[in-house]
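Welcome to the tour! Please open the structure in your viewer and follow along, one selection at a time.

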Amino acid sequence: MEQITGALRGRVVLTDEILADGVVAWEGDKLTYVGPAAQAPAGLADAAKAVDGYVLPGLVDVHCHGGGSASFPDAQTREDVLTAVMAHRSQGTTTLVASTVTAAPDTLRERTALLADLCDEGELAGIHWEGPFVSEVRCGAQDPKLIQEPNPELTRELIQIARGYGMTMTIAPEKPNVVGAGGVSEALIEGGALPSFGHTDAGPDETRKALDDAVEILARTENRRSPLCTVTHLFNGMTPLHHRTPSPIAEFLASAVRDRCVVELVADGTHLSPAVVRNVFEIVGRDNVVLITDAMAAAGMPDGAYRLGSQEVTVADGVARLTHGGSIAGGTARLMDVVRTTYKGGVSLVDTVYSATLVGARIIGIEDQVGSLEAGKLADVVVVTEDIHPVEVYRRGALVA
């Protein structure tokens, strides 16, 4: 890719406002100026390329299983991983965490090692393990035959293989050896990763206990990834909210309101109604919502047959479901699609972009580098149309698409 030093002028989406006439400039891979055109260094505004639509920071997806026909849980080679990465990068996701699925220990070891190599290269930002310590009752597209009892020793081994790139692991709070001294949650946090509670059949008491435990461990851990644990795709993979049969959902929302966790939302219009997404933003606030894709190999691809780990998946009308069983099996949208759906669903563009960029960057501990348009940060910049379709994508100052 050609390294570009340049500038763009147009409507610039910042963390708290949209500049009606702003300039974003970079040299090499770093942003050098972000601000009003009227205050730009002499000659910069006139020399900048005028764009229609909006200028956004590069998007940050912290939960993604693949795209472009390639699947991170099934990847055998560097090329397999890059195919999935580019399916998302070309659409504006400049920072990507690769997600695995529930699998045998040896498979998880192999995938973790391969994905860590791509993290070393800077192509991936980190690794998210979705399972294998999840609920058989609420497994969704996780293979129930491969679900294991929580194992702190295996957790620590995966963290070691990940070489500092282990970001989060989805765990069910009701399972044994998750909560308490020596549990999986503690092993994750002390190893520089975060527990992400989900794929759970827990009730409110078990959920609150696990959240309290994570908050306490995070508070006493110096080299923590982030001060907040996360919730894997809120509403999906857990008991529905009911006023007489309590589920974990109300506990997760109450915890997020108190700034004790961040909830993931697969806001693609399939996993969640846009109205529910809007409601969650209004209840917990944008700082405690991270927009994700949960995308699988079919993201950006036509309907047809695909795989997600050990499971066969059929995509029809853009919706991925297990071929045998019918559960939703990940998403087919890219994060820019999620941004567009959320914005059209009634969340402000500023807040939508914030939860698709800076919140994810905070979760993985690199908010000083990416997640917003600020001088000194990496030059990850996306130009989109008025209706939020990507036109140009720059990553580290280089034109991607």
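This is a predicted model: local features need pLDDT of at least 70, side-chain atom pairs count only at pLDDT 80 or more; totals for chains, interfaces and linings use all residues.

Residues are numbered from 1 along each chain as its sequence is written, and side-chain values use heavy atoms, leaving out hydrogens and water.

Next, switch to cartoon view to find 11 helices and 20 strands, which are DSSP runs (H or I of at least four residues for helices, E of at least two for strands).

Now select Gly140, Ala141, His199, His233 and Ile328. Of the 16 residues lining the largest pocket, these lie nearest its centre. A pocket here is an open set of points on a 1 Å grid over the protein atoms alone, where a 1.4 Å probe fits, with protein on both sides within 12 Å along at least five of seven lines; lining residues have an atom within 4 Å of a point. The largest pocket holds about 220 Å³ of space, the volume being that filled by probe spheres set on the points, which are joined across faces, edges and corners.

For the last stop, which pocket holds about 170 Å³ of space? That is the second largest pocket. Select Leu124, Ala125, Ile366, Gln369 and Arg396, the closest to its centre among 14 lining residues.
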